[in-house]
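Have the model open while you read.

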Amino acid sequence: MIGTDILLAAQLLNDNKLVAIPTETVYGLAANAFEKEAVLKIFEAKNRPHFDPLIVHTYSIEMIAHFTTSFPDKLKLLAQKFMPGPLTLLLPKNNSIPDIVTSGLPNVAVRIPNHALTLQLLKLLKFPLAAPSANPFGYVSPTTAAHVDNQLHNKIDYILDGGECNIGIESTIVGIENNEVIVYRLGGLAIEDIEAVVGKVRLQINQSSNPAAPGMLKSHYAPTKQLFIDDIDNFIAAYKDKNIGVISFQKEYSGQNIKCKTLSISGNINEAAHNLFAALRYFDGTNVACIVAEKLPNSFLGRAINDRLQRAAHKNN
Ligand code: TXA
Ligand code: MG
């Protein structure tokens, strides 16, 4: 069921049920983060391996102190500047967070989503919400309630409809080691904005497809159709007999065998991020044989977009 009833959503979550929640990044698949039984249902619904930990969502920086044991100064600065927002911080967890949430790791990933409906819901609850993106494991993240419903409708008790996600790509994940700020996942908060607050950061972007390291999976965000990253004109010229899906940044492509999604005609990188996942999903419902996407300028959210494209394509390129 899809709706905007936060009282119903709260009641279901109190009963250890699953509810999909809107955020400014992507939709999450939420359950009571303090209840192991509830959290297990998330892994089942997504078909997600237990070595891939979950992000815990709450509504204020004060609330974070209830389930963590310390808050390093630099991360606190980032929290004060960017929360609520597309930032996830790795902080040492206390015993209220079951090990299943963090895949046994000592740190818990924490985020305050910047979405009015979900913030209202979180304030109604006596517990934070564990929530990964609300897609089957490995598939493209959902940015509308309909995306969630298309794939998980029989596995979730309620989808809270908060409209299209403003930002459209997942949060940036940040932690700290030896007082050095480290970015583990590129996302909706640009590195440039983080560095303006805490100085130079180290990028340690998960490149491994070996699940020995929890949360570090290379292939992700992938549509069913094969995706290639290439120069679009060259690709079209080489495959002129095939139906091709094109994901371009600014330019519109047309032709008998071409279906095109242009991410931002005006060349706005935020608008491109907002449209990316819907574009990747769109082609799975069409007759195109494959998809070609071009790289975007590699700064601000362009870096996170290129990262997502690369992961979506990595089986092919
Ligand atoms: O924007 C977002 O972050 C969305 C919305 C729903 O909040 N959530 C999201 O969750 O993208 P998910 O599960 O699709 O990606 C979370 C990733 C994990 O795959 C893992 O890489 C990392 O966060 N992660 C979570 N907990 C961690 C931990 N304790 N240590 C290291 N990495 C962690
Ligand atoms: Mg995900």
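A word on terms before the helices: an axis here is a line fitted to C-alpha atoms, for helices over the stretch in contact, and angles run from 0 to 180 degrees between N-to-C directions. Keep in mind that this is a predicted model.

With that in hand, α1 and α6 pack at an angle of about 45°, and their axes lie 10 Å apart. The crossing of α1 over α6 is right-handed. On the α1 side, the contact uses I6, L7, A9, A10 and L13, while α6 brings L117, Q120, L121 and L124. By type, the residues of this contact come out as eight nonpolar, one polar and no charged.

Now α6 itself, which spans residues 116–124: L117, T118, L119, L121 and L122 are buried there. Their cover includes α1 (6–14), along with β2 (19–21), β4 (55–57), β7 (129–130) and β8 (158–160).

Over to N32, which sits in strand β3 (residues 28–32). Is N32 buried or exposed? With a relative accessible area of 7%, N32 falls under the 20% cut-off and so is buried. Leaving out residues up to four places away in sequence, N32 touches L13, N16, A38, V39, F127, P128 and L129.

| Pair | Distance |
|---|---|
| N32 side chain to F34 backbone nitrogen | 2.8 Å |
| N32 C-alpha to L12 C-alpha (20 residues apart along the chain) | 10.0 Å |

Notes
Residues numbered from 1 in each chain as written. Chains lettered and ligands numbered in written order. Predicted model: local features only at pLDDT ≥ 70, side-chain atom pairs only at ≥ 80, totals over all residues. Heavy atoms only, no water. Buried < 20%, exposed > 50% of the residue type's maximum accessible area, 1.4 Å probe, protein only. Helix = DSSP H or I, 4+ residues; strand = E, 2+ residues; numbered from the N terminus. Contact = heavy atoms within 4.5 Å. Polar contact = N/O pair within 3.5 Å; in protein donor to acceptor, adjacent residues only side chain to side chain. Left-handed = near helix turned anticlockwise from the far one by under 90°. Nonpolar A, V, L, I, M, F, W, Y, C, P; charged D, E, K, R; others polar.
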